[in-house]
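This report describes selected packing features of the structure shown below.

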Amino acid sequence: GINNSQNNSLVELDYIIFYPFERPTNSTVNTITQINRTIFNITWNNSTADSNRTITYFVVATAFENSTSVRVANTTDDNLSVDMSTRPHDYYRFRIEANDDYLEAYSAQTDELLYFDHKSASQRAVDAANYIYNAQDGNGATRDYWDDVFHNSDNTAGYGGIALYAAWKNTSNTTFIDALGKHLDWLSNLTEENGTLHYSYKYNTTTGTYYPDVWDYYKALNITDIKVVDAIQSFYAYDLWLYQASGRNSSKVSNLTNTADRAMRRLIVDNYDGSLFFYSSSNFKNTTNNWALLQTKYAAGQVDLFLGMLALWNLTQNLSYLQYAHNIKTNFDSYYWNSSVSRYAIALDANNAQDSTEYLFAQGYAPAVFGKSLVNGLGSLNYLKNQEYIDGSINGTTSNSSRGETLISAMAVLAARKLNYNITANVTNYLRKKQKDSATNTSGGIEFDNTTKTLNVNTVA
C-alpha cells in the first residue's frame, strides 16, 4: 500500500490500491513517479537488445468495498467504462509500448482486455486532418462538422487550418496544404471591402452564394448577426502565414495579404480598447435594429490576436502589428491572472475588471502560445492537472465546464510540451478514445465532450 499523508493508515487510503505486477523480462525499475492523486507512472528499462524501449504502466485502483469516491468515466460509450460498484477491488493496468506506439488497458485482476489501440499517434493525427479535409467543399468552404449547414462559426475552419498545415508538414502530402489555400480563397471572397467578416455563413442553394447567419442560441437572444469577431478577423493572417511557410504559391500569398491586412485594420478600428487589448465583436439585435459592440475582452481572443498580429507583421513588415502583439503578450499575465483562484480570467470588461467565470480553454491556450514568457503559465497548467479525472479527461468545477471537453485535454498537452510540464499520457489517451474509426464520414473525428457528440472541426484540429 501507499502511505496516506494524513495518518499513514492504509485503512484511510480510500482512493488507490497499489499492487505488484509482472515486469518485463530482463528489466529494471527506472522511475516510480506519482502523477496525481490516483495515478502512478512506473517506467521499466530493458537491459536486453531492445534497451531503447520504455514501458509505462498506469496503475489505477478503485476504492475499498462499497466506496464510490473514485472518479471514473462510467458513460455507456466509453471504451474503458466499468461499473465500480460491481468490481470494488479491481483496477486498470495501462500498457504503452513506446516503440510501437500503441495502448492496451487491462483489468489487472482478471487480465481482461478492456481497451486497446494499435494505431500510432501519427496515424491518428493524419486521420484527424483527413476528417477536416473531408468537411471541406470543393470551393474551400469548411463545415463546422462533417454534415453541418454552418461554415467557419467562430473561426472553426480557421483553427482547422493549423491542422492542415501540420499534416502537410509531417507527411509532405500537398492535399492538406492545398486545402488550407482553398480555405483562404473562400474566406477572402467573403471579406467585405472594409475588411468585415461575419461570425458564420450558410449556403443558399438557390443563388449559389454564402450569407451570414448565427446559431439558434444567439437568435433566442434576439441576435441575428455577429461581425468583426476577434478570432476570425485575426486568424486569417495566421493561417496565411502558415500557408506562406509551405512555399506552395507565393503569388496567392501576395494577393491574399491584402485581405488579411484589411481584416485586421477593421478589427483595430472597431474593437481596440485604445490601450492594450481588444473587444470581442459587434452584435446586431432585431429588437433595436442596431449594431452594438460587445465590450468584453476575452482571454482566448487576445491569444488569437497575438498570433494574427505577429503573422501580419511577418507578412507586411508593418511594425505597428508587432507592437500590438508585444503589448498583448507582455501585459496578459498582469491583467488576466486571478491569484485568488489560481487561473486566468475568462475575460475583462471595459474597465478591465475580471470576469471570474471558470473557463478551462484559456488555461491551456495561453501558455501553449506564449510559452515561458507567462509568469503564471505553470500555475495555469497546475490548475488543469488538478482537474484531471481517472479516464484522462479534464473537468471544471462547475456544471458548464465539467463535461470532459477534448479540446481542453488537447490544449493541456500542447501547453505542457511548450513548458516541459508533466501531463500524463492518460490525457492524450483520452483523445484516442474519443476519436472515431468506423463510419466513413466521421472517421478521424473527435467527440466534443462526454455529453455532446458533435465532431467539431476546431476540436479535431
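## Packing around a loop arginine and a helix pair

Setting aside neighbours within four places in sequence, Arg143 is in contact (heavy atoms within 4.5 Å) with Asn134, Ala135, Gln136, Asp137, Asp148, Phe150, His151 and Val457. Arg143 lies in the loop between α1 (121–134) and α2 (156–171); helices are DSSP runs of H or I with at least four residues, numbered from the N terminus. Arg143 is buried, with a relative accessible area of 15%, where buried means under 20% (1.4 Å probe, protein chains only).

The model is predicted: local features need pLDDT of at least 70, side-chain atom pairs count only at pLDDT 80 or more, and totals for chains, interfaces and linings use all residues. Residues are numbered from 1 along each chain as its sequence is written, and side-chain values use heavy atoms, without hydrogens and water.

The axes of α6 (residues 250–271) and α7, lines fitted to C-alpha atoms over the stretch in contact, come within 10 Å and cross at roughly 135°, on a scale from 0 to 180 degrees between N-to-C directions. The residues that meet are tabulated below by helix.

| Helix | Residues in the contact |
|---|---|
| α6 | Val253, Thr257, Ala260, Asp261, Met264, Leu267, Ile268 |
| α7 | Leu305, Gly308, Met309, Leu312, Leu315, Thr316 |

Technical notes
Helices (H or I, at least four residues) and strands (E, at least two) are DSSP runs, numbered from the N terminus. Buried means under 20% relative accessible area, exposed over 50%, partly exposed in between (1.4 Å probe, protein chains only).
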